Amino acid sequence: MDYIYLDHAATTPLHQSVQSEMKEMISKAFGNPSSIHHFGRETRKVLDRARENVATSINAKFNEIIFTSGGTEANNLAIFGAVEANKDKGNHVITSEIEHHAVLHPFEELERKGYEVTYLPVDTSGTISMADFQKELRDDTIFVSVMTVNNETGIRQPVEKIADQLKDHQAIFHTDAVQAYGVESIDVNELPVDLLTVSSHKIYGPKGIGFLYKNHSIHVKQQLFGGEQERKWRSGTENVLAIVGFDQAIRSLKEELNSRKKHYEKLSNEFIKQLQASDVICSINGETSLRSPHIVNVSFEQTDVEQLLMNLDLEGIAVSSGSACTAGSINPSHVLTAMYGEEDARLRNSVRFSFGKDNNLDDIKRVVNTLEKITSRLRRLA
Amino acid sequence: MTDRSNIRVVVGMSGGVDSSVTALLLKEQGYDVVGIFMKNWDDTDEFGVCTATEDYEDVARVANQLNIPYYSVNFEKQYWDKVFQYFLDEYKAGRTPNPDVMCNKEIKFKAFLDHAVSLGADYLATGHYAQVDEQNGEVKMLRGVDRNKDQTYFLNQIPKDILPKILFPLGELDKKEVRELAKKHELATATKKDSTGICFIGERNFKEFLSEYLPAQPGNMETLNGEVKGKHDGLMYYTIGQRQGLGIGGAGDPWFVVGKNVKDNILYVEQGFHHDALYSDSLQAVDLNWLITDVPTEPFSCTAKFRYRQEDHAVTVYPANNLKEASVVFDEAERAITPGQAVVFYDGDICLGGGTIEEVFKENKPLAYLG
């Protein structure tokens, strides 16, 4: 069967250039970058080059990049590290109800540790409101984390406005930019955040690597203890080969960002257009004008999400929805729950389509045709 | 080999050896096999551990060995509403429910069947020890070849019209052969222990589990003549014919539960395995479901089981006018017939259907003390 992969928000394949670069380096750069001999220096050179490139990609400084094992670890370090370093200034922290679990669950842990946590709600547009944010921000707020682009709906959040609000406030601002980084150019001077998370495997790089941008002026307490790597903010021998791949993925992204963006726009617009022209009964979740081009979250009336996903997979189309529990069954999405409330049918009939650079218009056509077939059968059986 | 690659079979996979071998056999027969794990119960503990996780992981391992797609489907809500509520209600009424019968009726051969159909399945398969066979142009359900494992008792309530859509590949095998097949093919579940007890209770203490959902009301244990013999912990913890856990000492034969009085919260006990009060000669069955086309309207003789893994007993069935109920008269008096359990009818190997035991009689008088 020919498979169509439309789950790029979950992970992406390795870019061709990343594969070549990693193959090339797999036999070189084996030394430990902390070693003070030739082999160590050779690897250190590679690592420094990558760090420089990563920093440049967001207009940050060389010493503001902390490599981590990925987005989850970067988020954990940002949240626990910054809150712990600033706990004398207050006990209140703010996040949103639609964050990725790698942010939400650390905040729930903060709650258990005694911090007062405000979870900003969203409306049906899928964004938090600045009025809510202003209302909840207090003098003793020490930390705020709001994602740049939501991973389920693709809806962009008003992070610039939050950063602006916090300019003269003690609170540290973190944004999880895992979904945004691959579809927009981020400049930490224009988007003045203190902490920013990026993951490699969402941008055609290898899994197991990511970084946390940490503005040099703020304090973060280390969460992993051991050696002095990453200036002690992240102990453990650097995952050099993955960093090499990540570095190359970022170089390719830089070259291709505009064309990729246009490509995603073309695909998702065409997808929506064809869906609307078809027999499929559906609606797009979230405010379309705020949607990032690579993600479309669609509700299919009178269907069931588990049946949809399995049917699509059996037809060779890979998509996803919400998150799976450890026993494989699908939990209702906390993002859609925040948007529509617990009783809304859309929680149980929505699917996320996320496009990638290798998808084409033929894919879109086949997906829409398949959806026509599947949804009409499911509606008939409903 | 017949080309069956265009025939889709959805297999209910529990992570146990039986359903693993079911999937294996179907795959070997060339079907387009899709494995699905049903998550019916959430027992996630404070550490986030849930027993379904391990079972699902086993499903994934076996499905990958067989190179078939696998998924998990969540029926927690349906299971709670249709099976667990019934289970609690029956206990509240002083009866002994059979959740496996209800699970087959409402979940595996209804909600799950619907799900399979939604995936374009031509057949639904499970690892039950039973057979579906066409005889004289009629699809019938037969006992599994392994008499000791035969599970038709639990399947008596599934609708007849779905039988042509059901496959029970294990029906022709005995358990030993199933284990051997699993070992021969090195399936990940080959040596996994069989699950015991009611699925949602698992290995936990039954009494403790039930007390989380139903308040226990301790009361008196009395003989049928009203002689108080001790205290019981709550009627729901006892079933008819039970000997264990009564704690009545003294001389003579051991004591047995012979009945319950829900209204006055009394547990009736008498001495001796063969005490007269444990014996009855007929019962009233309700919610009859027939697995044969010619639904009986006239009295007929057949054999019946009153509980799982029991020998067959010769009976005569007198269908009521509404055909949903029947009076079942035993050739010989039977011990410890329990309201709430299923009565299932057989003609040789054919499972004719069954119902729920509503009332039990001796010499035409209802045994009122049976709850």
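Modeller: In this predicted model, 28 Å separate the centres of domain 1 and domain 2 of chain A, taken over C-alpha atoms. Domain 1 of chain A is made up of two stretches, 4–11 and 257–381, and domain 2 of chain A covers 16–252, with bounds that come from an automatic or database domain assignment. Residues are numbered from 1 along each chain as its sequence is written, and chains are lettered from A and ligands numbered from 1 in the order in which they are written. As the model is predicted, local features need pLDDT of at least 70 and side-chain atom pairs count only at pLDDT 80 or more, whereas totals for chains, interfaces and linings use all residues.

Where the two domains meet, 24 residues of domain 1 of chain A are in contact with 23 residues of domain 2 of chain A (C-beta atoms, placed from the backbone, within 7 Å). On the domain 1 side of this meeting in chain A, the elements that give two or more residues are H7, E10 and helix H9 (334–340) of chain A (DSSP runs numbered from the N terminus, helices being H or I of at least four residues and strands E of at least two). H9(A) supplies the largest share of that side, with five residues. Sorted by class, the residues that domain 1 of chain A turns towards domain 2 of chain A comprise eleven nonpolar, nine polar and four charged (Ala, Val, Leu, Ile, Met, Phe, Trp, Tyr, Cys and Pro are nonpolar, Asp, Glu, Lys and Arg charged, the others, Gly among them, polar).

Strand E10 of chain A, one of the elements on that side, leads us to an open sheet of three strands in chain A, ordered E9-E10-E14 with antiparallel pairing (at least two DSSP bridges for each pair). At the edges of the sheet stand strand E9 (282–284) and strand E14 (350–354) of chain A, and because each has a single partner strand, one side of each is left without a neighbour in the sheet. From one strand to the next the twist averages 30°. The antiparallel pairing between E10(A), which spans residues 295–300, and E14(A) runs over five bridges, and Ile295(A) has Ser354(A) in E14(A) as its bridge partner.

Helix H7 of chain A, another contributor to the domain contact, spans residues 240–277 and lies across E9, E10 and E14 of chain A, running at about 15° to E10(A) (lines fitted to C-alpha atoms, for helices over the stretch in contact, with angles from 0 to 180 degrees between N-to-C directions).

One helix pair in chain A also deserves a look. The crossing of H8(A) and H10(A) is right-handed (the near helix turned clockwise from the far one by less than a right angle). Gln307(A), Leu308(A), Asn311(A) and Leu312(A) are the residues of H8(A) that meet Thr370(A), Ile374(A) and Leu378(A) of H10(A), which gives this contact four nonpolar, three polar and no charged residues.

Chain A has a further contact, with chain B: 13 residues of chain A are in contact with 17 residues of chain B, and the chain B side has ten nonpolar, five polar and two charged residues.
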